[in-house]
Amino acid sequence: MDTSVEAVLGKLAIGLLGFFTAGYFVVVGAGLGLGMLLPWLARDPRERRQVLAASAHGGAAWLVAAAGVLLTCLPQLAGELLRERCPALLVLLLGLAVRRAGLLRANQASVYGCWLTVLGWSWLLAALLTGGTTGTTAAGTVAAVALAVALLFALHGLGFGTLRLTGRPFERARLLAGRGGSRESYALTSVAMAALPLVCGLQLPLWDVVVDGPVGGSPAWLAWLPWVVVPLLTAVAALLAAAQTRARRTGLNSFGNDDETNMRRDTEEPS
């Protein structure tokens, strides 16, 4: 098999991994951040239902696709992450399960799930950014970075809330977000959220995996997987990008992201 073709396939797999991970952080990260803030944004059952509905922002396909690339095309990297970052990954998986259960029942468990999921991501990304060093000073650095990552999630969710919420929850989100433009704030945090996993990914031995081949170190019978998965997920990436572009053009415009529109909606809602 031509090693140069394998290298190109490996690079495509890494590109897809970065694309799907960045997309997940932008799309689903907005819902996670908004869910974290539910106790501050909603004061009664009707408001809680509104915030929960907004925080249940679809996007599981991004994470499933990223996991598919990692497990089928870069299994060595997946194994290293599982061995070295197991506690953070367990917290992340627990958070995803709790959030899912809370959204299905529309109860407070979704808030706990959001916090656990963000904690898992923050812990994992902080460990990658700091190189996984040990010691008291290193632990403090990891904690500080994790706190900054969690704050970024919250800010991203807050900006998203000013676009999706109406009535009193919108007013509270707008108050917390400040007087800056909603779209500008959300666009800024979206860029930061997309860049975050890409910067952390630079700390991983991605290019070493490419040199060894996209399934280096795996059984020979798995060698065909990248040749099927990469083209398939490339098509999925195009579909997700098109869907997100369409949602940006049509969806956000319908939410009324200026004060007058949202105030009017608030007065029209029954007390």
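L176 lies in helix 9, where helices (H or I, at least four residues) are DSSP runs numbered from the N terminus, as are strands (E, at least two). Together with W40 and W115, L176 makes a nonpolar surface patch of about 350 Å². Patches are made of residues with over 30% relative accessible area and no salt bridge, nonpolar side chains (Val, Leu, Ile, Met, Phe, Trp, Tyr) being joined within 5 Å and like charges within 9 Å. Accessible areas come from the Shrake-Rupley method with a 1.4 Å probe, and for residues only the protein chains shown count as cover.

The model is predicted, so that local features need a pLDDT of at least 70 and side-chain atom pairs count only at pLDDT 80 or more, whereas totals for chains, interfaces and linings use all residues. Residues are numbered from 1 along each chain as its sequence is written, and side-chain values use heavy atoms, with hydrogens and water left out. The protein chain has an average pLDDT (the predictor's confidence in each residue, from 0 to 100) of 81, and 80% of the residues score at least 70. Over residues 252-271, pLDDT stays under 50; for this segment the model has 35 contacts beyond four places in sequence, a contact meaning heavy atoms within 4.5 Å.

Two salt bridges are present in the structure, each defined as a side-chain nitrogen of Lys or Arg within 4 Å of a carboxyl oxygen of Asp or Glu. In one of them, the side chains of R172 and E47 meet with an N to O distance of 2.8 Å. This pair links distant parts of the chain, since R172 belongs to helix 9 (residues 167-177) and E47 to helix 3 (residues 45-55), 125 residues apart. E47 is buried, with a relative accessibility of 4%; buried means under 20% relative accessible area, exposed over 50%, and partly exposed in between (1.4 Å probe, protein chains only). A salt bridge also joins E171 to R168, with the closest N and O atoms 3.0 Å apart. These two residues are three positions apart in helix 9 and are therefore separated by about one helical turn. R168 is partly exposed, at 41% relative accessible area.

The count of disulfides, taken as pairs of cysteine sulfur atoms within 2.5 Å, is zero. Among the cysteines, C73 is buried at 0% relative accessibility, while C86 is partly exposed at 29%.

In helix 1 (residues 3-36), T21 is buried at 19% relative accessibility. Apart from its neighbours within four places in sequence, T21 contacts A66 and P197.
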